[in-house]
Amino acid sequence: MRFDHLLIAISLFLLGGKGMIAAPAAPYDPRLTFAPLTLPNPVNAYRSSDGAPGPAYWQNEADYEMHAALDTTAKVLRNDEIITYTNNSPDSLTSLWIHLEQNIYRKDARDGVVNGGIRRKNVPDTEDNPNGRTTEGFVLDSVEIDRGKEAQKADYVVSDTRMQIRLSQPLSPKGSALRIHIKYHYQIPGVWGGRTSWGASKQGDIYDIAQWYPRMCVYDDLRGWDTLPYIGSEFYLEYGHFDYYVTVPSEMIVAGSGELVNATDVLTKTQIGRLEEARNSDKTVMIRTAGEVNDPASRPKASGTLTWHFQMDHTRDVVWSASPVFVWDAARINLPDGKQSLAESVYPAESAGDGAWGRSTEYVKDTVERFSRQWFPYPYPAAINVAGFSTGMEYPGIVFDGIDDKGKTLFWISAHEIGHNWFPMIVGSNERRNAFMDEGFNTFIDIEESAEFQGGVYGPKRDSEYSAGGEPPDTILKVLDDPVAPVLLMPADAYSTAITHPVSYFKGAYGMVLLREQILGKQRFDWAFRKYIRDWAFKHPSPSDFFREISSEGGEDLDWFWRGWYMHNWQFDVAVTKIDGDHVTFANKGQLVLPATVEVRYRDGSTTRFRLPVETWESKGEVVWTGDRPVASVKVDPDHVLPDDDRANNSMEMK
């Protein structure tokens, strides 16, 4: 999900500045920091002690066939949906739970009370919806259950953004399946829809269609049915195969998750040829130029409708965008082992140009190639960037960004949103419960893209103002110093709007940087994190699985870090308290411990550096270090890489 442009540019990691002086804290107690830790989810046959899926790990599957039609006059979407749901669990299921996320726009939605209808306050009631900033949500025309014989009307109950289907006969365990047939329609929200909307560009409307079909809730070994309502945080969904058809007016271009399988029906021969050229080109190839947008010859037929057919496998969701004004370009993505994908961008003519969306495909291509080399090969046939009105939102194989984005902002946003294909689209963590495994992990991986793209022309994402004498914002310290700030393991909806980014994005990402650069080192961390990604690709890891895998494969007992950084907002504050000849005394004044670099300058002018390992504080809060000659000055964390709460006590100089 997109975060504020100003926040992207601030220091995510080299934080500290002058520090914020908090209220007096209790003395450091090593019995709290180093006590034995029991992780929330136990080891069992489903989840192993090394953090990998266990020998009996299972997850259910949801496959979708959909036939949707867009009514651009009434602004209504109709769909005929068939879900094939397979119960691979060891349990008999007496009911099924399904997300109905368009119901967030109903007048009686929980979101309207909890968030004050925050996604519906952006525009006047009459701008694009004569009925105001609400809809009726999903209008269910029929819901049927089919077990291979004749279909039966389903017994169901709708509760806010969920629907429970009560089965007349339980769905048996270990591979039994049934089909759910749902016909429905809904009013497409205007730009106030947030993650799904329609809006008017200068030349015509753009439809960003997401959360557009009833989607199966996850039934897992941790909670059974996970039915958290949709009140703003993101998603937790089952994987499966998607086969979907979208019927739209013939003048429209449709960009959809997955692979377009009927190009000959919906594209001109010229466009098909250009697409083939793009599949073999590292340079961006125009499929439909800005000059062709109003040319009837750029569409296979001048009136009526066309049906676009897409397929996607090993995915938990699909979305699409449609507009008659899309410019379209593409280029080849080079993947490991000689494989390929396709980078694509669609945008209105007003967004074109090398200073703006004309470089979008270049950004997408570079990001996917880099993340594929560094972490895990991109698995999908295309990676598409859409310029529309549901800005800064990610889905499998496709992301929605803003028509006004350009330059550094477009690069940052594109890299971040495309990066979400790794977390949580490939590694399918629960975004509604564990936002740091979504936004934090993704923010962590996209810093390398900013640092390396064309030699860092848009980087670094880390603050570089130290050389100019500036102080970076104390984003993380404000979290650590706030006694009511939520911890990283809180459910995502428990974060207030003001604290969401500092906690889930920045603290989540900073924890990964501390692991990689200060605690484990790049070699050990990268090995462990890559194995975690491979083990949990297209599966559902919990925080406990992540903690176990990094500890086990990283070769370090990290209970002290999981407890201090993820389960608490403990402060880190190591102070120099005394210099006596060649003796230096250090004190731990916070409850969080981290390995810390210390720089010592001797009276003869020479310097040395050494590390205070976390074991320094395993049984005490004060330690004396002895040098081999008289000491002139000492500084803890000379490179300013740790979240030290009070930097005023980090150094001492003998007069």
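**Ser372 is found in helix H6, which covers residues 360–374.** Helices (runs of H or I, at least four residues) and strands (runs of E, at least two) are taken from DSSP and numbered from the N terminus. This is a predicted model, in which local features need pLDDT of at least 70 and side-chain atom pairs count only at pLDDT 80 or more, while totals for chains, interfaces and linings use all residues. Residues are numbered from 1 along each chain as its sequence is written, and side-chain values use heavy atoms, with hydrogens and water left out. Ser372 has a relative accessible area of 3% and is therefore buried; buried means under 20%, exposed over 50%, and partly exposed in between, with a 1.4 Å probe and protein chains only. The side chain of Ser372 makes a polar contact with the backbone nitrogen of Tyr378 at 3.1 Å. A polar contact is a pair of N or O atoms within 3.5 Å; within protein, one must be able to donate a hydrogen and the other to accept it, and residues adjacent in sequence count only if both atoms are side-chain atoms. Not counting residues up to four places away in sequence, Ser372 touches Leu335, Pro336, Pro377, Tyr378 and Trp422, where contact means heavy atoms within 4.5 Å.

**Ser341 lies in strand S21, residues 340–348.** With a relative accessible area of 7%, Ser341 is buried. Its side chain reaches the backbone oxygen of Tyr380 at 2.9 Å. The Ser341 side chain also reaches the backbone nitrogen of Ala382, at 3.3 Å. Neighbours within four places in sequence aside, the residues in contact with Ser341 include Leu335, Tyr378, Tyr380, Pro381 and Ala382.

**Asn421 belongs to helix H8.** Its relative accessible area is 0%, so Asn421 is buried. Beyond its neighbours within four places in sequence, Asn421 is in contact with Tyr378, Tyr380, Tyr395, Pro396, Gly397 and Ile426. Asn421 and Glu394 are 27 residues apart in sequence, and their C-alpha atoms are 7.7 Å apart.

**The peptide bond from Phe423 to Pro424 is cis.** Its omega is near 20°. Pro424 is also in helix H8, which spans residues 421–426. Most peptide bonds are trans.

**Ala415 is part of helix H7, residues 407–419.** Ala415 counts as buried because its relative accessibility is 2%. Leaving aside neighbours within four places in sequence, Ala415 is in contact with Thr367, Phe371, Asp446 and Glu449. Gly338 is 77 residues from Ala415 along the chain, and the two C-alpha atoms are separated by 23 Å.

**Ile476 is placed in helix H10, residues 475–481.** At 0% relative accessibility, Ile476 is counted as buried. Asp644 is 168 residues from Ile476 in sequence, while the C-alpha to C-alpha distance is 9.9 Å.

**Lys174 is in the loop between strand S7 (162–171) and strand S8 (176–187).** Lys174 is not a glycine, yet it has a positive phi of about 60°. Most residues other than glycine have a negative phi. Lys174 counts as exposed, because its relative accessibility is 70%.

**Phe538 is in the loop between helix H12 (522–536) and helix H13 (543–554).** Phe538 is not a glycine either, and its phi is positive, at about 65°. Its relative accessibility is 18%, so Phe538 counts as buried.

The C-alpha trace spans about 90 × 60 × 50 Å along its principal axes. A compact globule of 655 residues would have a radius of gyration near 26 Å, and the 27 Å of the chain agrees with this; the radius is taken over C-alpha atoms, and the globule rule is 2.2 Å times the number of residues to the power 0.38. Buried residues make up 60% of the 655 residues. Among contacts between residues at least 6 apart in sequence, 75% join residues at least 24 apart. The chain exposes about 24700 Å², of which carbon and sulfur atoms supply 49%; accessible areas come from the Shrake-Rupley method with a 1.4 Å probe, and for residues only the protein chains shown count as cover.
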